[in-house]
Each structure stands twice: as structure tokens, then as C-alpha cells.
Amino acid sequence: MAGAKNHDYHILPPDVWPFVGAMSALTMTSGGVLYMHKMAGGTAVMLLGLLGVIVTFFSWFGKIIKEAHAGDHTPVVQLHQRYGMILFIASEVMFFVGWFWAFFDFSLFPSTIAETVGGQWPPKAIEAVMDPFDLPLLNTLILLCSGTTLTWAHHALIHGDREGLKKGLWATIILGVIFSMIQAYEYAHAPFAFGTNTYGSAFYMATGFHGFHVIVGTIFLIVCLIRAYKGHFTPRQHFGFEAAAWYWHFVDVVWLFLFVAIYVWGGWGYKIH
């Protein structure tokens, strides 16, 4: 029969949302540039682009969910989705490598930027650093616990325990929100500001982008919780949950490196706030 499907791949029909998403992302980033240069209309352009990105997410991801329910996500398609998520996380790893590189470059070779940091690390302008064994340690324990509760939810899903899946997701989301609240409090009471020197810039960019990833991961898990209540996931087909779990564990691991390298080692022997 002409046109009959005799393969395991899912051939997508033409769709406008990739184009809309790309234009929205361009608009949002362009608006961000205008805003940072304090040019007229920057905020409006950025918010317009952000709105377009959000609408694209809802529309595009909604279609993907419908494709999964229609049986289009064959084992081969699911395998390739996993490859895509692995490559995305790999790109995120390299993103954070850049911030770690900057921090270690500043801290290991302070003499090369002596006019900025006074030949020492942390710079002379920094009067005190954060105590790594206060709120940062608490946040480390919270994230480690969240990884445990998410693994509980995953195992519950695999064994068909929907109540365990919901409880594990609820616990993980609550822990993620608590982490974000503690980090916001930590920033509000930090003994140094952003942008005043290399230490503050490297610290806030690395930990701040991690905090942003925690917020994104929390939203990711909230969507999974909503889908869990709708009965979308099955023990055999739950890539959406699996992708969220991988992302969350990646965020956990990055925080461990941040805690050890920036909080503990980066301020070793310096005055504690």
C-alpha cells in the first residue's frame, strides 16, 4: 500500500511552532540587550519575546504529549529522545564549565589581575565571605534529599505505584522551593555585592545560574506532577518524567561542585560572615 508506514520512526508533519519559538527567542534576547543598554522599549520587547517562548512551550510540548498518547513514540523514538536529552545536559555541563573556569582562573592566578584583586584571592575589597557550613551546607543537604525523593518517585512509577510517584514528586518540589527561598535569603544578606569585583561576579554568576536551573527544574517537576495526576505516565512509557529526573540530578551534581569549589575552597582561611 502506497504511503504505508513500515518503520519505527515518527515523521513529523509541518509545524509553525519551531519558527515561532525561534523568533520569540530572538525577540526576547534582543529585548534583553536593549534593556541592559537602557534603550527605550527594551523591557517591552523582552517581555513580548518571553511571552512567545512560553506560548511555544505550551503548544509544542502539548503536541508531543498527544503524539506519545497516540503511540507515535516507539522504542526507537524514545531512544532518540534520550539521546537528545543527554546532549542537552552535556551542553549545560559545558555552560557551567565556563563559570568554573573563570572562578579558578581568577583564584589560582590573582597576580595576573593584581590591579583588580590586589594580588590576592578573595580580593582585598571583600571583607568577608559566606560561611560554607551554614546556609550553603543546609542547601546541600536539601538538594541531596531531593535527589532521594525523586528516585523514590521514579521507582514508584516503574513499579506502578502512582501514589508513591505523587508523594515523591510533591516532596521533591517542596524541597526545591525551600532551596530557592534559602538562596534568596542568602543573597539578600551576602557580605558582598554583584559586579563590584571579580569574586562577586564569578560567585553570583555561577551560583545564580544554578539557582535559575533549580527554578526551571522545579517547574519541570510541577508539570510532571500535573501529568501524574492525569495518569499520563506508565511504567513502560514515561520519558517526560525521566528527562525531568535526569535534569534534576544534573542540578544536584553541579551544586556539589559549587559547594566544594566556590563556598569551601574559594573562601578557605578568609573571614567568615
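Reply: Lys63 is partly exposed, its relative accessible area being 35%. In this predicted model, the side chain of Lys63 forms a salt bridge with Asp15, and the closest N and O atoms are 3.2 Å apart. Lys63 belongs to helix H2 (residues 42-69) and Asp15 to the segment before helix H1 (17-36), so this pair ties together parts that are 48 residues apart in sequence. Asp15 has a relative accessibility of 31% and therefore also counts as partly exposed, since that class begins where buried, under 20%, ends.

The structure holds 3 salt bridges. Another of them joins Arg82 to Glu242, with 2.6 Å between the closest N and O atoms. Because Arg82 lies in helix H3 and Glu242 in helix H8 (residues 239-265), the pair ties together parts that are 160 residues apart in sequence. Arg82 is partly exposed at a relative accessible area of 22%, whereas Glu242 is buried at 12%.

A further salt bridge links the side chains of Glu163 and Lys166, at 3.7 Å from N to O. Here both partners lie in helix H6 (residues 162-188), 3 residues apart, which is about one turn of the helix. Glu163 counts as partly exposed, with 47% relative accessibility, while Lys166 counts as buried, with 13%. Apart from its neighbours within four places in sequence, Lys166 is in contact with Leu225, Ala228 and Tyr229. In general, side chains of opposite charge can pair when their charged atoms come close.

Helix H3, which carries Arg82, also packs against another helix. The axes of H3 (residues 75-108) and helix H7 (residues 198-229) come within 8 Å and cross at roughly 160 degrees. An angle over 145 degrees counts as roughly antiparallel, and H3 and H7 are therefore roughly antiparallel to each other. The crossing in which H3 passes H7 is left-handed. On the H3 side, the contact is made by Met85, Glu92, Phe95, Phe96, Trp99, Phe103 and Phe106. H7 contributes Thr198, Tyr199, Ala202, Met205, Ala206, Phe209, His210, His213 and Phe220. By class, the residues of this contact divide into 12 nonpolar, 3 polar and 1 charged.

Read along the sequence, its pattern is α-α-α-α-α-α-α-α. The C-alpha trace spans about 75 × 45 × 30 Å along its principal axes. Of the 273 residues in the chain, 40% are buried. Among the contacts with a separation of 6 or more, 77% are between residues 24 or more positions apart. The salt bridges Lys63 with Asp15 and Arg82 with Glu242 each join separate parts of the sequence, 48 residues apart for the former and 160 residues apart for the latter. The pair Glu163 and Lys166, by contrast, stays within helix H6.

Methods:
Residues are numbered from 1 along each chain as its sequence is written. This is a predicted model: local features need pLDDT of at least 70, side-chain atom pairs count only at pLDDT 80 or more; totals for chains, interfaces and linings use all residues. Side-chain values use heavy atoms; hydrogens and water are left out. Axes are lines fitted to C-alpha atoms, for helices over the stretch in contact, and angles run from 0 to 180 degrees between N-to-C directions. Helices (H or I, at least four residues) and strands (E, at least two) are DSSP runs, numbered from the N terminus. Angles under 35 degrees count as roughly parallel, over 145 as roughly antiparallel, 65 to 115 as roughly perpendicular and the rest as oblique. A crossing is left-handed if the near helix is turned anticlockwise from the far one by less than a right angle, and right-handed if clockwise. Contact means heavy atoms within 4.5 Å. Ala, Val, Leu, Ile, Met, Phe, Trp, Tyr, Cys and Pro count as nonpolar, Asp, Glu, Lys and Arg as charged, and the others, Gly among them, as polar. A salt bridge is a side-chain nitrogen of Lys or Arg within 4 Å of a carboxyl oxygen of Asp or Glu. Buried means under 20% relative accessible area, exposed over 50%, partly exposed in between (1.4 Å probe, protein chains only).
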